[in-house]
Amino acid sequence: MTDWLTLLQDHWAWLVFAALLAIAEVLIPGVFLIWIAIAAAITGLAALALPIGIPLQLLIFAALSVISVWAGRRWYVDNPVPSTDPNLNDRTARLIGELVTVVEPIRGGEGRVKVGDSVWTARGPDSEAGARVRVTGAEGAVLWVKETPPQAK
């Protein structure tokens, strides 16, 4: 009888742990803890249905955690969540199309441009300091720029 009570307590511990992880996922969204919660819930159900000890439960939980996180990541890769701002976390992509000012002349294809309150390395056609250029692309922390036609006055 004692073994049954121990297994009962084990499965309740896993199910409570799963519920706490699910609550944490809701409070701190990151789309990660839910997969661990699923692994804990399945481990709890396995502990309820089968007479398995703690070491095997921990092994099952570890294996299910890896599998569920992998499956969840795979699902999100195959089914991306649409966004109204896909470049939200890609600062260089957000700069494409912006007009910036050359602060160090672009000579031999490389110079520096001012973007907001910072200065970035830029590559493009030769341009004098003070010229306005348009960002056409980025590679790491280097912006690709092209000359803009002079504005009519």
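A salt bridge is taken here as a side-chain nitrogen of Lys or Arg within 4 Å of a carboxyl oxygen of Asp or Glu. The model on display is predicted, and by this rule three salt bridges are counted in it. The tour visits each of them in turn.

**First stop: helix H3**

Select residues 54-78, which form helix H3. At 1.5 Å a residue, its 25 residues should span 36 Å, and the end C-alpha atoms lie 35 Å apart, which agrees. Next, colour the buried residues of H3: Gln 57, Phe 61, Ser 65, Ser 68 and Gly 72.

Now show the side chains of Arg 74 and Asp 78, which form a salt bridge with their closest N and O atoms 3.5 Å apart. Both residues belong to helix H3 and are separated by four residues, about one turn of the helix. Arg 74 has a relative accessible area of 47% and is therefore partly exposed, since that class lies between 20% and 50%. Asp 78 is likewise partly exposed, at 47%.

**Second stop: Arg 107 and Glu 128**

Select Arg 107 and Glu 128 and display their side chains; the closest N and O atoms of this salt bridge are 2.3 Å apart. The pair links distant parts of the chain, 21 residues apart: Arg 107 is in strand E1 (residues 99-107), whereas Glu 128 is in the loop between strand E3 (118-123) and strand E4 (132-139). Arg 107 is partly exposed, with a relative accessible area of 42%, and Glu 128 is partly exposed at 46%.

Move to Arg 123 and Glu 110, whose side chains meet in a salt bridge at 3.3 Å, N to O. Arg 123 lies in strand E3 and Glu 110 in strand E2 (residues 110-115), so the pair ties together parts that are 13 residues apart in sequence. Arg 123 counts as partly exposed at 26% relative accessibility, and Glu 110 is partly exposed at 40%.

**Last stop: Ala 122**

Is Ala 122 buried or exposed? Its relative accessible area is 0%, so Ala 122 is buried. A C-alpha to C-alpha distance drawn from Ala 122 to Glu 110 reads 5.7 Å, although the two are twelve residues apart in sequence.

Finally, display the surroundings of Ala 122. Leaving aside neighbours within four places in sequence, Ala 122 is in contact with Ile 106, Gly 109, Glu 110, Gly 111, Arg 112, Val 113, Leu 143 and Val 145.

Conventions
Residues numbered from 1 in each chain as written. Predicted model: local features only at pLDDT ≥ 70, side-chain atom pairs only at ≥ 80, totals over all residues. Heavy atoms only, no water. Helix = DSSP H or I, 4+ residues; strand = E, 2+ residues; numbered from the N terminus. Expected span 1.5 Å × (residues − 1). Buried < 20%, exposed > 50% of the residue type's maximum accessible area, 1.4 Å probe, protein only. Contact = heavy atoms within 4.5 Å.
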